[in-house]
Amino acid sequence: MSGHSPPFERRRPIGSRRLAAAVAALVLVAAVADPACAASATPQAAIAWWVWPLALFVVCFALGVVAVPAGVGGGVLFVPIVSGFFPFHLDFVRGAGLLVALASALAAGPNLLRVGLADLRLALPLALLASASSIVGALIGLALPATVVQIALGVTILAIVALMASAKKSELPEAGPPDRIAEALRIHGVFHDAARGEDLRWHVTRTPLGLVLFTGIGVLAGMFGLGAGWANVPVLNLLMGAPLKVSAGTSSFILSLVDSSAAWVYLNQGAVLAIVAVPSVVGIMLGARIGARLLTVLKASVVRRMVLALLLLAGARALLKGLGVWN
Amino acid sequence: MKPAQRQGVGPEQRRYARVLEWGARAGLAILVVEFALYLGGMLPVRMAPAALPEVWSLPLGEYLARTGAPTGWGWIELMGYGDFASLSGIAILASCSVPCLLAVAPLYLRNGDRVYAILCLLLVAVLVLAASGLLGRTH
């Protein structure tokens, strides 16, 4: 979700070569799982059915490991990589992607709320609009032809790569005076920053624009089955002026509401296959636990660059697959 | 928890966190147990796992036509089958925000914070609408 790199880079980092080997192994597994590669060696039908969910579990576990230090949610990695390199149709991958993001957000939510890093007063107005619009996005996504969604997904992922590579972050942004809506809703708070050892007061500004943007983010989340932390955090942090940690925590909590709405649409339409969804959810959640422990030893900036490279590959794959260039 | 943390976290957040924790745990536990029963062959299946590769690459509409898989709440009737049992865990995960919102709405009302009580109820309405299956069928 958010970048946590600076405090952890002081610790002894795992060498980038070892990390590269880990990520290469991840790509190798994905490449082996690529139906095109599989077809060249062995007909897909000849591969035992359990190989795919097992490979899905392994890949999702690895995604979970790298997602935390890279500061991204699992959903944004899951959909382009699994839809690009596994034989499951995009409709089922998006349904599973929403569940991956939802399960991660639900697991993190209680603690984020208790320590004040997720804020209900900030989250609820934004989540209301984003939840409603995610339903619309899910319905649009399931109604459009797969090639159109595939192309749009590729373009969106490449845009996310550009956003992640270029967006600045501000630990404690200088928020202007609160706008009328923020004042009326009393959207402000105090959180204890353990790294600084002090209590920090915060408030937000530009709430109307934030509401509009969250409506759009909800559509994208529902349409592509992506967790939307990549968009939530910059809006909360850079536009509305919430501190980075509050932005990341609140973004995660908002996902627990937004993805619930969209997940119901996919479930009702029959687009949730347990054989795809469950290994993904379990794999990414187990991987995230390991990733959280590795935070202290991994060099976050290296992981982040590798994840961006992985997303670039997956985005290009989605785009080219949609265009019929790389099937 | 430090006093400063308590200062920033109201009773609504603490109650929401408590209810969410139980809901998420229950959903994940049911999801994993049901799936383990399915993979362990302890439940009958509508479609043998070995046949799944023939349909999981199909677009949703074709998949539904080929397998006769239910839409809407039809999966409830098929809960006894391993390939649909895990959906109950998914449904719980997708629903567990509803009791949280209903639990905090009265706290907001008690504090005279009617706007947030209404926001909670509107969010519940959105989630119930999404879950209802009333929204347009795309396939």
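This report looks at chain B and its interface with chain A in a predicted model.

## Chain B on its own

Let's start with the fold of chain B. Chain B has seven helices and zero strands, so its elements read α-α-α-α-α-α-α from the N terminus on.

In overall dimensions, the C-alpha atoms of chain B fill a box of roughly 55 × 35 × 25 Å along the principal axes. The radius of gyration is 20 Å, whereas a compact globule of 139 residues would come out near 14 Å. Of the 139 residues in chain B, 47% are buried. Contacts also reach along the sequence: of those between residues at least 6 apart, 60% join residues at least 24 apart.

## Where the chains meet

Now for the partner. On the chain A side, 63 residues are in contact with 68 residues of chain B. The area buried between the two chains is about 5,600 Å², and carbon and sulfur atoms give 71% of that area.

Polar links are there as well. The rule finds 13 residue pairs in polar contact across the interface, both residues at pLDDT 80 or more, along with three salt bridges. One salt bridge joins the side chains of A:Arg186 and B:Asp113, at 3.4 Å from N to O.

## The chain A side

Several elements of chain A each supply at least two residues to the side that touches chain B, including helices H4 (51–70) and H6 (90–114) and strands S1 (188–193) and S2 (198–203). H7(A) gives the most, with twelve residues. By residue type, this side of chain A divides into 44 nonpolar, twelve polar and seven charged residues.

Methods: Residues numbered from 1 in each chain as written. Chains lettered and ligands numbered in written order. Predicted model: local features only at pLDDT ≥ 70, side-chain atom pairs only at ≥ 80, totals over all residues. Heavy atoms only, no water. Contact = heavy atoms within 4.5 Å. Buried area = accessible area lost by both parts, 1.4 Å probe. Salt bridge = Lys/Arg side-chain N within 4 Å of Asp/Glu carboxyl O. Polar contact = N/O pair within 3.5 Å; in protein donor to acceptor, adjacent residues only side chain to side chain. Helix = DSSP H or I, 4+ residues; strand = E, 2+ residues; numbered from the N terminus. Nonpolar A, V, L, I, M, F, W, Y, C, P; charged D, E, K, R; others polar. Rg over C-alpha atoms; globule rule 2.2 N^0.38 Å. Buried < 20%, exposed > 50% of the residue type's maximum accessible area, 1.4 Å probe, protein only.
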